[in-house]
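Me: I would like to learn how to read a sheet, its strands and the contacts around it. Could you take me through them slowly?

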Amino acid sequence: MYRYDEFDHEVVQSRVKQFRGQVERRLSGAITEEQFRPLRLQNGLYLQLHAYMMRVAVPYGTLSSKQMRQLGMIADKYDRGYGHVTTRQNFQFNWPELTHVPDLLQDLADVEMHGFQTSGNCIRNVTSDPYAGATAEEIEDPRPTAELLRQWSTLHPEFAFLPRKFKIAVVASKTDRAVIRAHDIGIEVTANEKGEVGYHIIVGGGLGRTPIIGQTLRAFLPREELLPYLEATLRVYNRYGRRDNKYKARIKILVTETGIDAFREMVEAEYEALEPLDIAVSAQEVERISSYFAPPDFENLPEHCDAFQAKLISEKDFADWAGNNLAEHKVPGYSIVNVSLKPTDLAPGDITADQMRAVADMAEAYSFGEIRTTHQQNIVLPHVKKSDLYSLFEKLKEAKLHAGNIGLITDIICCPGMDFCALATARSIPVSQAIAQRFSDPARQRAIGEMQIKISGCINACGHHHVGHIGILGLEKAGVEFYQVKLGGDSSENAAVGKVTGPGFSQEELVDAIERLVDYYIDVRAEDERFIDSFKRLGMAPFKEALYAA
Amino acid sequence: MSTAKHKGKGPQSLTANELRGGASVWLDANMEWSRDFGDAFKTEDENHIEKMRAKGDADANENLVVGVYFIDIEPDSGLPVRYREKFRVKGPSYDTAEELGLNAKKAK
C-alpha cells in the first residue's frame with residue numbers, strides 16, 4: 001500500500017495547523033463566514049441540514065487496517081458512533097462540531113488521511129476499482145496511476161478554481177467497477193496491438209441534472225504522456241468551461257456543445273503547445289510509485305481448498321453468502337471478499353465504529369491489513385485465503401456484516417437524501433429501506449439475481465440513479481415527496497442512462513410498483529437472463545405497463 | 001453578516017445554525033436561540049420582525065450563529081410552510097445512531 005513520503009506528511013500536517021488557525025479566526029470573528037466557507041470546504045467540512053458534515057478522502061478507495069481503526073475512533077470521539085461510505089469511496093461523518101474539527105483533522109493526519117479534494121471546484125479524490133491488485137482481469141494494478149494522479153492533482157494551483165468540480169476514475173480491466181464512463185475523465189489502462197501498456201482516455205461523462213455517457217478522447221495514450229495530456233485537457237476546460245451558469249459548467253456540457261471532434265482538436269492543439277515533457281513522469285518514478293503497491297506475500301497454495309469446499313456443503317448460510325459475496329482472485333487459493341454494508345434494516349453504506357474496528361481486525365487477520373471501499377457503498381477485503389473464508393464469515397456474523405446480498409436487489413446505492421443533505425428535495429434512506437424490507441427474503445433476492453437499484457434524493461444524482469437498472473429520483477411538490485422511476489440504466493462497461501418511465505409514485509405506491517416490475521421480469525426472462533438484459537431485449541413498453549399496472 | 005431579509009408572507013420565524021456546533025436553532029420570544037422549534041417566536045408584527053432581524057444580524061456579527069434567515073409559518077399548524085424547513089424542524093427521520101442506540105451507549 002502507498003505510504004506518504006515526507007512531502008505528503010508536511011502538506012497534511014501543515015494543513016491541519018493552517019485550518020486550526022482558520023477556525024480560531026472564524027470563532028473570534030477575525031474572518032467572516034463568507035471568507036471561511038471556502039476554507040472549510042477545501043478541508044471537506046460542509047454545513048448540512050442539521051449539522052456540520054465532515055467528508056474524509058479515501059484515495060482510490062484503499063484503506064489500511066490502521067486507518068479504518070482510526071476512523072472508528074473518530075466516529076466515537078467526534079460523531080455519534082458511526083460513519084458512512086459514499087459513492088466516491090470516501091467516508092462521511094454526519095455530526096461533528098466545528099470546534100472539534102481541527103482535532104479531528106489531526107487524528108486523520110496521524111494516519112495519513114485528510115479531507116482534501118472532497119469538495120470545491122477542484123480535481124476531486126480519484127476513484128478506482130476496489131478489486132485492484134487482486135483481480136485476474138486487470139492488465140496491471142490501476143492504483144499506481146491513481147496515485148500518480150493524486151500527487152499531480154493535490155493542491156494543483158492551476159486547477160484549484162475550475163469552472164466546476166472535476167472527477168476522475170481509473171480502472172485496468174475491461175469490467176468497469178468504477179463507472180468510468182460517468183466521470184469527467186475516465187481512464188482505462190489498456191494495451192495496444194504491440195502489447196504496450198497505455199491509457200484509453202474517456203471524457204465528458206457525468207450524472208447530475210444532465211446525465212451524459214463519456215466519449216473517447218484518445219483510444220490509446222502512451223503511458224508517459226498521461227500527465228501532460230490531462231494537463232492539456234484540464235487547461236482547455238479551465239479556459240472554455242462555462243462560469244456563468246453552474247448547471248452548465250461541467251466539462252460534459254463543454255464537450256457536448258463543442259462536439260467531441262472539435263474538443264479533441266482543442267486538446268491536441270494545447271498538448272502540442274505544452275513544453276515538451278514538462279511534467280511527464282519518468283519510467284523510474286512510475287516504478288517507484290508502483291513499488292508501494294507491490295503484491296503482499298501470498299502463499300503458494302493450490303486453487304482447490306478442501307476445507308472451504310466442505311463448509312460450502314455443510315453450512316448453507318455460508319454457501320449462500322459465498323455464492324454472492326466472493327470474487328475470483330488472481331492468486332490460486334485466495335478470494336476477494338465483498339463485505340456488504342446493506343443490511344435490510346439500516347441505511348445503505350453506514351458502518352458503526354464497532355464494525356469499523358471489527359473490519360480492521362479482520363483485515364489484519366485475513367487480508368494483509370488491506371481494505372477497500374466501493375462506489376457501491378460496500379467494503380472489500382481483497383486478499384483472503386480460501387481456507388480462512390469460513391472463519392472470516394463467522395467474524396462477519398459476529399459484527400453483523402454478513403449480508404449475502406452483493407449485486408442483488410437489496411444492495412441499493414442510496415444518497416443521504418433529505419435526512420441529512422442540504423441540497424436534497426426528498427428522502428432516500430426510508431425508500432431504500434422499504435424496498436429492502438419488501439425483498440428481504442434472501443432466497444427471493446437470489447432468485448431475482450443481479451439487480452442494481454440506485455436512489456437519489458435530488459437531481460444532483462449522488463445516488464447514481466441515472467445508471468441504475470432501476471433508478472429512483474426523489475422529488476417534492478407542495479410538501480409531498482414523490483419518486484420518479486428510470487429503467488435501463490447501466491453503470492458497467494456497457495454504460496447507459498436510464499429512461500424516465502412516466503409520472504412519479506408515492507413511497508407506498510413505489511414499493512408495490514417495483515414488486516410488480518420484478519414479478520413481470522421473473523415471468524418473462526429467458527434462463528439466467530439478468531433484469532437489464534431482459535429490459536434491453538423487450539424494451540421499455542412492457543416494463544412500463546407492469547410498473548403502472550395497478 | 002446576516003443575509004436575513006424578511007420577504008415572506010404571513011407569520012415569520014427566524015432560524016440559523018449555531019456557528020460552533022452547527023445545530024439548527026430558532027429565535028424564541030425572549031430573543032434567545034433555541035434548538036427546539038417549539039420555542040420559536042412566530043409573528044406577523046413588523047416591529048417584532050425588525051427586532052428579530054436586528055438580533056439575527058447582531059448574533060451573526062458576534063459569531064454565535066451562521067446562515068440566518070426568516071421562514072414562513074403556516075398560521076393554522078404553526079409549522080414551517082416549506083417542506084425543507086419542516087424537515088429541519090423534525091430532524092432526520094432516520095439516523096443509524098438512534099436506530100442502534102449508539103448515543104445511549106456513548107453516554108454510559
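**Reading a sheet**

Reply: In β10(A), the residue L221(A) is the bridge partner of Y199(A). This is a predicted model, in which local features need pLDDT of at least 70, side-chain atom pairs count only at pLDDT 80 or more, and totals for chains, interfaces and linings use all residues. Residues are numbered from 1 along each chain as its sequence is written, while chains are lettered from A and ligands numbered from 1 in the order in which they are written.

Me: Which strand does β9 of chain A join, and by how many bridges?

Reply: Strands (E, at least two residues) and helices (H or I, at least four) are DSSP runs numbered from the N terminus, and two strands pair if DSSP finds at least two bridges between them. Here β9 (residues 197-203) of chain A is joined to β10(A) by five bridges, and the two run antiparallel.

Me: What is the order of the strands in the open sheet?

Reply: The order is β6-β7-β8-β9-β10 in chain A, five strands with mixed pairing. Its edge strands, β6 (127-128) and β10 (215-222) of chain A, each pair on one side only.

Me: Which helix packs on the sheet?

Reply: Residues are in contact if their C-beta atoms, placed from the backbone, lie within 7 Å. Helix α5 (residues 143-153) of chain A packs on the sheet, touching β6, β7 (168-171) and β8 (185-191) of chain A.

Me: How many residues does each chain give to the contact between chains A and B?

Reply: Chain A gives 28 residues and chain B gives 25 residues. On the side of chain A, β13 (350-352) and α14 (429-438) each supply at least two residues.

Notes:
Contact = placed C-beta atoms within 7 Å. Axes fitted to C-alpha atoms, helices over the stretch in contact; angles between N-to-C directions.
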